[in-house]
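I opened this model for a first look. My notes follow in the order I looked things up.

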Amino acid sequence: SAYKSIGAAEEKYDVQYCKIIDVGKKVIAYNIQGFLESQVVFYLMNMNLDPRVIYITRHGESEDNAAGRIGGDAALAPGGEKYAKALARFIDRRRLEFASEVDEQNHRLAQFMASGNSSEPESEASQSSSASTEYSSLRLRIKPDFEIWTSMLRRTMETVEHFDSQKYRIKNIRSLNEIYAGKCEGMTYEEIAARYPDEFEARQLDKFYYRYPGIGGESYADVVLRLQQVIVELERIRHSVLLVTHRAMARTLLSYFMDVPTTHMPDMELPLGHVYSCEPRPFGNYLRVWRYDANLDAFEEVDASSALKIQYPKILAGSRQSTSSENNDQHNLLPSPAETSYSTGH
């Protein structure tokens, strides 16, 4: 009763507007002018609510991870190879589980539609037949496709080598490459702090806009621009996808899907060995998180509400974090071991 449509009154005064009907099935754009407005309309036109899951994980542990070095194009370490095999088994299982969940939801929806579409009382057999017909038609909407996207770096491509190419379409995308550290590539954080102390401190003070020195050095702001088309494609596709990428990329993507402010994004703890599952729903994205246990060689689901933790470096703890002293004691100037190692226990 409170709803009032946009239309003739707005057009009389040349108001710019865009009407999205049924999540992009019909789009009406009126008097759209300017770059930003055009981009907004393009973005909204690519939304959909088809049942699908967007999985995000970092690559398996690489030789550089084991040595504490950033960037580079190292191969997987033995622990990373083990993770790659477990990841293929896990996604195979989750794919079947999600299909079963969608089937169950569609079946309940079909029964609901069958029981509410007629004013005449139906027999139980008639209702069952109607529900079955509707259920069958709804199942046709479920796409069998499943894509895997990796960066162009060796450690991500090796992480997906154990997936069956007959079941998964694998794409290598340069935009998913790790943030480029310029002349700091291949160095440890200790080496950067010793060799470039001013650069190291500047990055701690503003990690989002700080750009690594040297030719091609990037900032998180650059990464956001680089991932714009990837995000639009993730909104557009109607089937599930697994992204095997890097820490900066995972931080950016999860910040987008889970509405984490850019001021917090560079300080999110996203350790190796975690799979983040974002399921688009009408009023936001539903997050589930699984952690790889190296001892069990299997994944276990963990509490998603505490998974996207923010850990500020000590240099910023006083100005950007207002938590208890107990939490402040956990802040380290350098990344914690959890950033580069697997869980080995509960």
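**Entry 1: one residue.** I started with Met249, which sits in helix 11. Helices here are DSSP runs of H or I with at least four residues, strands are E runs of at least two, and both are numbered from the N terminus. The model is predicted: local features need pLDDT of at least 70, side-chain atom pairs count only at pLDDT 80 or more, and totals for chains, interfaces and linings use all residues. Residues are numbered from 1 along each chain as its sequence is written, and side-chain values use heavy atoms, with hydrogens and water left out.

Is Met249 buried or exposed? Met249 is buried, at 0% relative accessible area. I took buried as under 20% relative accessible area, exposed as over 50% and partly exposed as in between, with a 1.4 Å probe and protein chains only.

Next I listed its contacts, meaning heavy atoms within 4.5 Å. Neighbours within four places in sequence aside, Met249 touches Ser175, Leu176, Asn177, Glu178, Ile179, Val223, Arg226 and Leu227. Arg226 is 23 residues away along the chain, and its C-alpha atom is 9.8 Å from that of Met249.

Entry 2: I searched a 1 Å grid over the protein atoms alone. A pocket is an open set of points with protein on both sides within 12 Å along at least five of seven lines; a cavity is a set where a 1.4 Å probe fits but cannot get out; lining residues have an atom within 4 Å of a point. Points join across faces, edges and corners, and volume is the space filled by probe spheres set on them.

The largest pocket holds about 520 Å³. It has 18 lining residues, and Tyr43, Val224, Gln228, Ile231 and Tyr256 are the closest to its centre. Which helix gives the most to this lining? Helix 2 does, with six residues. Helix 2 (35-45), helix 10 (228-236) and helix 11 (247-257) each supply at least two.

**Entry 3: a cavity and helix 8.** I counted two cavities of 30 Å³ or more. Helix 8 provides the largest share of its lining, four residues. Among the lining residues are Phe200, Arg203 and Gln204. I then checked helix 8 (residues 197-205) for burial: its buried residues are Phe200, Arg203 and Gln204. Down the axis of helix 8 they fall within an arc of 100 degrees, so they line one face of the helix. The arc is taken over directions from the helix axis to the C-beta atoms.

**Entry 4: whole chain.** I noted 13 helices and nine strands. Of the 346 residues, 44% are buried.
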